[in-house]
Amino acid sequence: MDTVDKTPHTHLLKKGAEASLFLTQWHGKDAVLKIRLPKSYRPPTLDQQIRRYRTIHEPQLMHHAKTAGVPTPIIYMINVPQSTIIMQHINGQQIKTILNKLDPPPRHVLCQKIGQSIAHLHNHNLIHGDLTTSNMIQTPNGKIYFIDFGLGEKNNELEAQGVDLHLFKRALQSTHFNFWEDCLTNVLCGYTQIRGIELSKKVYEKIHQIERRGRYVEERKP
């Protein structure tokens, strides 16, 4: 059975609520080690079930995303008992960093490409679950990889697709607040190019419904 090279995971790439990512080595190549550590606030049995499920499910979603035409890292190894995944390290920059440096014309093109990729996922009933510009990496040749499918699912409902895009809209508002509307317009333009006007309208209406529900809840708070 393959194991990780003896070089320890010495560099923390990201510490998230769901898992931590470390830069490691896999047979002489840079790789990413994803570890789902136990959560003390969850009952141990439930915690183990959740970590096991996500460790198995995430690589499956990444494979389906590739089938849909959306690049994702290659999976090298899965260790279910330890809740770890070793995958390809993508040499590139987070879209989060790139967007803030681009002039409007190339930013428009990049956002349209992102929208097209999201549409390809949704066309194959794939919900990413954590769409942010931090979870997208562009390589030097312009290829956009989607990463971190740990909260994703297979779901063909328009509501789920609307939630996916709504969360991405919130991420743009938070991270790229100076030009988030411009970004979103071009993301939705790319999305519509792939899914068509009629279906896209139905998804966008779901976004509006989600936002209206959110405003209603805020207004009802004492």
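A crossing of two helices is called right-handed if the near helix is turned clockwise from the far one by less than a right angle, and left-handed if the turn is anticlockwise.

## Confidence of the model

The structure is a prediction. Its average pLDDT is 92, and 91% of the residues reach a score of at least 70.

Two stretches call for caution. Residues 1–7 stay under 50 in pLDDT, and the model gives this stretch 17 contacts beyond four places in sequence.

Strands of a sheet pair through backbone hydrogen bonds, in either a parallel or an antiparallel manner. Five strands build an open sheet in this model, with the order S1-S2-S3-S5-S4 and antiparallel pairing. The edges are taken by strand S1 (11–15) and strand S4 (75–79); each has a single partner strand, so one side of each lacks a neighbour in the sheet. From one strand to the next, the twist averages 25°.

Strand S5 (residues 84–88) runs antiparallel to strand S3 (residues 29–35), and five bridges join the two. S5 is likewise antiparallel to S4, to which four bridges connect it. Thr 84 of S5 takes part in each of these pairings: Thr 84 is the bridge partner of Ile 35, and Asn 79 stands opposite Thr 84. Between S4 and S5 the hairpin has four residues, and within this hairpin Ser 83 adopts a positive phi near 55°.

## The three-stranded sheet

A further open sheet consists of three strands in the order S6-S8-S9, with antiparallel pairing. Among the paired residues, Gln 138 has Ile 144 of S9 as its bridge partner.

H3 lies across S8 and S9, and its direction makes an angle of about 40° with S9.

Helix H3 (residues 104–123) crosses H4 at roughly 155°, with the axes coming within 11 Å. An angle over 145 degrees counts as roughly antiparallel, and H3 and H4 are therefore roughly antiparallel to each other. Their crossing is right-handed. The contact brings Ile 114, Ile 118 and His 122 of H3 to Gln 161, Asp 164, Leu 165 and Phe 168 of H4. By residue class, this contact holds four nonpolar, two polar and one charged.

With H5, H3 has axes that come within 6 Å and cross at roughly 45°. H3 and H5 are therefore oblique to each other, and their crossing is right-handed. On the H3 side the contact includes Arg 107, His 108, Cys 111, Gly 115, Ile 118 and His 122; among the residues they and their neighbours meet in H5 are Asp 182, Cys 183, Val 187, Gly 190, Tyr 191 and Arg 195. The residues of this contact comprise eight nonpolar, 10 polar and three charged.

## Packing of H4 against H5

Helix H4 (residues 158–175) and helix H5 (residues 180–195) have axes 9 Å apart and pack at an angle of about 155°. This angle makes H4 roughly antiparallel to H5. The crossing of the pair is right-handed.

H4 contributes Gln 161, Leu 165, Phe 168, Lys 169, Leu 172 and Gln 173, which meet Trp 180, Cys 183, Leu 184, Val 187, Leu 188, Tyr 191 and Arg 195 of H5. Nine of the residues in this contact are nonpolar, two are polar and two are charged.

Notes: Residues are numbered from 1 along each chain as its sequence is written. This is a predicted model: local features need pLDDT of at least 70, side-chain atom pairs count only at pLDDT 80 or more; totals for chains, interfaces and linings use all residues. Side-chain values use heavy atoms; hydrogens and water are left out. Two strands pair if DSSP finds at least two bridges between them. Axes are lines fitted to C-alpha atoms, for helices over the stretch in contact, and angles run from 0 to 180 degrees between N-to-C directions. Angles under 35 degrees count as roughly parallel, over 145 as roughly antiparallel, 65 to 115 as roughly perpendicular and the rest as oblique. Contact means heavy atoms within 4.5 Å. Ala, Val, Leu, Ile, Met, Phe, Trp, Tyr, Cys and Pro count as nonpolar, Asp, Glu, Lys and Arg as charged, and the others, Gly among them, as polar. pLDDT is the predictor's confidence in each residue, from 0 to 100.
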